[in-house]
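The report that follows describes how two chains meet in one model. Please read it beside the sequence and the structure shown here.

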Amino acid sequence: MQTTTERCYWRVLTGVVLALGLTGVSQARQDNPRIGLEVAVGTPVMLAGHTQKAYLKVGLIGFELTQDVPHTPANVAIVLDKSGSMQGEKIARARDAASLAISKLGRDDIAAIVSYDNVVRVDMPATRVSDKDEFRRRINAIAANGNTALFAGVSKGAHEVRKFLDRNRVNRVILLSDGLANVGPSSPFELGQLGAALARESISVSTIGLGLGYNEDLMTQLAGMSDGNHAFAENADDLARIFTAEFGDVLSVIAQDVQIRIRCADGVRPLRVLGRESTIDGQDVIVNLHQIYGEQEKFVVLEIEVAAAEANEQRDLAWVDVGYQNTITRQADQLRGSVSVAFSGSATAVKESADDEVMTDTVSQIANEMSKRALELRDEGRVEEAQQQLKESAAYLRSNAAEYRSDKLEQLGAEFEQDADALEDSADWNRTRKALKKKQYSLEKQQRY
Amino acid sequence: MRSKILIPLLLIVLLPLLLLSLAAWRLVQSERAALAHQVQSLVAAQLQNVDDTLQNYFQRKQQQLDTALTELARVLNQSTASAIEPVLDRYNREQPGVRQLFVLTARNERLYPPAQLNPQEQRFMTRSAAFWDNLSALQQNRPAAPAPADTPSSLLSRSAAVSKTGPADDLMHNQGWYIWQWGTQTHLIYWRWDQQQRVWGIELDPSYLLAELIAVLPATSADASAAARLQLQDANGTVLYQWGDYQPASQQRPLLLRPLSHPLGSWSLSYFAPALTLGRSQLWLISLAAITAVGLALGLLAWFLYREHQRELRLAQQRVNFVNQVSHELKTPLTNIRMYAELLEDRLDTVLEDEPHTGDVGTPQRYLAVIVSESQRLSRLINNVLSFAGWQKNRLALRPRPAVVDEVIGTAVETFRPLLAAKQIGMTLHLQAPQQVSLDPDVLEQILNNLLGNVEKYVAAGGQVTLASWQRGEQSFIRLQDDGPGIPARERQRIFEPFYRLGSALTEGVSGAGLGLTISRELARLHGGDLALEPTPVGACFLLRISALPEIAP
């Protein structure tokens, strides 16, 4: 028989062991943080008896970056437009923003400063950020005058980043432009091509458009194909905030070169991926993401066609393999997941089983596509049709907001209503278009700012 | 006379200046040409450098691609066609700068992309059609045909005509680059045979290729030694990339333009620089200064010469004036002396008529004869001088009146009779000009006096002189022939020159101014005729011709 003291002793011991164990476990988690993978389908229970569409979501959640863990070292090139149109306040604010960004970096980070007008100048070649004053001095020496050799600027910026290219660094070119590229290749297609090629090298390009004179199609293509960020700075004063946010992202990268491979089961036909570039090869779908940030989710929504099945059947839908470079642990990680679906004869069961989160994300992506279509219509001059489209998508969002109990969709619906009205104003269309493109981009890529 | 010296002086000043300017201009031109040439070769070297950089890039790229393709071929050899597909897919999808990979079997069948083309691959086949056309020629082991004339005219074949494999890749070789223009972009395929006679090819992403080229080309730095601008242009002349601090004017032409080497043969490099003017203006300034200095020196010299010349002329003129003045002063007293001597002669003849005289040495008549003949001689001399002066001032005038030639001859001969007799020179006369004509007898007499005076001076003692006269129409002729020493052929014209006397023992010690024949001919010409020396075997023969003068109204 145990005495009270003995019982006490055992309790204390268990407590201590447990405590140690827990800390040990949490320590282990800290030592080997991994990205969270969530594979889910919008309708986990589907109606039996017919072929139907479904939406598959693969979500990647970045782990938390604690204070004591150093951030992934950066390897960035800041490419500034110093054409004549930047004269005055714009170049001054750009310089300030760049200096501000540099001040956030540390000894482990590498930065380069490139400026371009007709020609490209490498004001600071890729160097460790140890002497911030030197950086500041060179940034302040940039004066505005001339044309816009945007392609060349990005090329030279990429060249600087290539010098210290490392899978375990955030390799990024940050491009600021306020005008139209007019020296060298200047079409969205060509810049998009460059972006795609740089992405294969693990270099992403974030683009910041300043003012109302830049080509937003070009800037979004360049960023989109390389999976960087895109921002619209209406005034020069916005630059500081945007640069801060961009560099905030840069310093919070935890994974790079993410490749998601979704293998669909028999009876499942992959149709398309919403909102991202993808390769569909038979039953396989491959999507590449460039980077994952700490405490942030990036996801991929795949539209599939599921063959008819009997009620009460259970089917595997797909298996997901994710490979990425963990820049914190400096290791290549692999994640695995799968998802299956059940069939039921009852419509209510189907409705009740709906995964709100997946459907919210799916609906927002579909609505975004509608918004892009509306933009195309507006570009063709068919204003009323464009407005109609946006209003329809707003209604779509609202109805789905109710169904899936989503505030996010409700809010998005209200925004789309406003956007529909804004389409009419031709005087302000330039600004509206840029803002619209930026919003569509952010939604597509799950951009944080 | 004054203006005559100005032209030579002007020439003295201007000719050297002209020559100097010419030389200076030539110098400047050649300096400029040398400088331009130097600049051109420097620029050409710089452009060559850039071309070399790009060539190096392509070599490295080729090596990189060769390595990758060798590896893929090795994998292909060890696996089946279906198993290789994912590997090739992955390479196609993940390699930066690779747009499309393709593989053909030895029998020219397409192994990759597989038979079923997705839209992207279809687009690739469309835009690379020209390459496939060319490739069939390769497989038949024929050397590459030049741009075929029978291809249908379209954008495609035009592009194909422009691009071809370069000299480095004879299609008999193992690999090569194929370049063509599609829309605004320049596309490049790297192709290669492997050991199994398969053809591997990679189409490079045009944007990425350009970005890589830009990466190896220089950026613009502020402290470039020479402000210049280099431009890389594609086949259409569109500027792809440029660097250098200098901004050329909108229509400025490049200093040098050269096409790049294969495979970018349709691209070119242009070099812009500000025009060289500085050195040129310096050179011009220096040469202008030199020419001005020389011009000034020559001008000074010319002015000095001119002044001296003018002074000489003035002095000469003063001398002539003096002589004329003196002669004028002498004329009147001399006329008196002669007149009174002749009067005295006549008087003496009358007084001493009764007494016999022989004309020997020592008689008063003889003394008077000497005075008379000497004063006559002086008169003739002074007449000559005054006539000469008058001729120089264009103030010689004739006073025609009716006269008989033979009579004038007679007067002249009479004057000289005693002188000739003293030298025992025999004179024969054949006078056949008895007609009265309008002439100036004083002038005729002066001419005859000069001729006879020469005879008296130069013909040796005991000589013979013949004087003949005849008339023909308006003209009267007089020929005077002596058998003296004569005049050498080469002096024939010179004896008529003013102040010229034959320089020989003959003329030494004989008085004379050298004006006689000069003035005689001039007067003869004034009289519508001429005085000439006829060639004779011995002695001298003068032919005088004069015309009848129109009457002058009194």
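This is a predicted model: local features need pLDDT of at least 70, side-chain atom pairs count only at pLDDT 80 or more; totals for chains, interfaces and linings use all residues.

A:Lys156, A:Gln193 and A:Arg200 supply 26% of the area that chain A buries against chain B, more than any other three residues.

The contact (heavy atoms within 4.5 Å) draws on both chains, and its counts are set out below.

| Item | Value |
|---|---|
| Residues from chain A | 26 residues |
| Residues from chain B | 32 residues |
| Residue pairs in polar contact, both at pLDDT 80 or more | 18 residue pairs |
| Salt bridges | one salt bridge |

A polar contact is here a pair of N or O atoms within 3.5 Å, of which, within protein, one must be able to donate a hydrogen and the other to accept it, while residues adjacent in sequence count only if both atoms are side-chain atoms. The salt bridge (a side-chain nitrogen of Lys or Arg within 4 Å of a carboxyl oxygen of Asp or Glu) joins A:Arg121 to B:Asp245, with the closest N and O atoms 3.1 Å apart.

Confidence is given as pLDDT, the predictor's own value for each residue, from 0 to 100; its mean for chain A is 90, and 95% of the residues of chain A reach 70 or more.

Residues are numbered from 1 along each chain as its sequence is written, and chains are lettered from A in the order in which they are written. Local features need pLDDT of at least 70, side-chain atom pairs count only at pLDDT 80 or more, totals for chains, interfaces and linings use all residues, and side-chain values use heavy atoms, with hydrogens and water left out.

How values were computed
Buried area is the accessible area (1.4 Å probe) that two parts lose on being put together, summed over both.
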